[in-house]
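Here are my notes on this one, jotted down while going through the model. Have a look at the structure first, then read on.

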Amino acid sequence: MKEATGELNMTVVTLIAVAAVAALFYFFLWPMVQRMVANQTCSTYGTNWTAKKVTTVDTGTQAEVNVWKCCPKDSENDDDCVAIDDDDEDNNGGGQTPATP
């Protein structure tokens, strides 16, 4: 019976460790990965462009989806920005060339 208790304790410790690693990835590493991918996408427009998180969309679930745009580094407003979503053709995204600021 002592052995079974020891095995159960190790299982609990392992599950807590896996949950801690998953939480670390989700809350700290995943936002950095998203930002790096968005910045890399914006760098295709030139060195003067950077990614900005514009809004967070509620999908009806508990998940939050961030909307990113490529904006000139010296731009103050979002009018000069280009959306990174290629599904919507009327947002000046989808591989279209951005206007020169």
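Predicted model: local features only at pLDDT ≥ 70, side-chain atom pairs only at ≥ 80, totals over all residues.

1. Let's start with the helix. Helix α1 covers residues 2-42, and Trp30 is found in it. How exposed is Trp30? Its relative accessible area is 37%, so Trp30 counts as partly exposed.

2. Now the rings. A pair of aromatic rings is described by the distance of the centres and the angle of the planes. The model has 3 aromatic pairs. One of them is Phe25 with Trp30, which is tilted, at 6.0 Å centre to centre and 40 degrees between the planes. Phe25 is partly exposed, because its relative accessibility is 42%.

3. Another pair is Tyr26 with Phe27, and here the geometry is edge-to-face: the centres are 5.0 Å apart and the planes make 85 degrees.

4. Which residues make the nonpolar surface patch? Leu24, Phe25, Tyr26, Phe27, Phe28, Leu29, Trp30, Met32, Val33 and Val37 do, and the patch comes to about 1,000 Å². For anyone setting up a calculation, that's the list to select.

5. On to the sheet. Strands of a sheet pair through backbone hydrogen bonds, either parallel or antiparallel. Here 3 strands form an open sheet in the order β1-β2-β3, with antiparallel pairing. Why do β1 (49-58) and β3 (82-83) count as edges? Each has a single partner strand, so one side of each is left without a neighbour in the sheet.

6. Among the bridge partners, Trp49 goes with Pro72 in β2, and Thr56 goes with Asn66 in β2. The two strands form a hairpin with 5 residues between them. In the turn, Gly60 has a positive phi of about 90 degrees.

7. Next, the cysteines. A disulfide is a covalent bond between the sulfur atoms of two cysteines. The structure holds 2 disulfides, and counting bonded cysteines along the chain gives the pattern 1-2, 3-4.

8. The Cys42 and Cys70 disulfide has its sulfur atoms 2.0 Å apart, and this link is left-handed, with -90 degrees about the S-S bond. Cys42 lies in helix α1 and Cys70 in strand β2, so the pair ties together parts that are 28 residues apart in sequence. Buried or exposed? Cys42 is buried, because its relative accessibility is 0%, and Cys70 is buried too, at 1%.

9. The other link joins Cys71 to Cys81, at 1.8 Å from S to S. Its torsion about the S-S bond is about 110 degrees, so this disulfide is right-handed. The partners are 10 residues apart: Cys71 is in strand β2, Cys81 in the loop between β2 and β3. Cys71 counts as buried because its relative accessibility is 0%, while Cys81 is buried with a relative accessible area of 8%.

Note on methods
Residues numbered from 1 in each chain as written. Heavy atoms only, no water. Phe/Tyr/Trp six-rings, centres within 6.5 Å; stacked < 30°, edge-to-face > 60°. Buried < 20%, exposed > 50% of the residue type's maximum accessible area, 1.4 Å probe, protein only. Patch = residues over 30% accessible without salt bridge, like charges linked within 9 Å, V, L, I, M, F, W, Y side chains within 5 Å. Areas by Shrake-Rupley, 256 points an atom, 1.4 Å probe, with all protein chains shown as cover. Salt bridge = Lys/Arg side-chain N within 4 Å of Asp/Glu carboxyl O. Helix = DSSP H or I, 4+ residues; strand = E, 2+ residues; numbered from the N terminus. Pairing = 2+ DSSP bridges. Disulfide = S-S within 2.5 Å.
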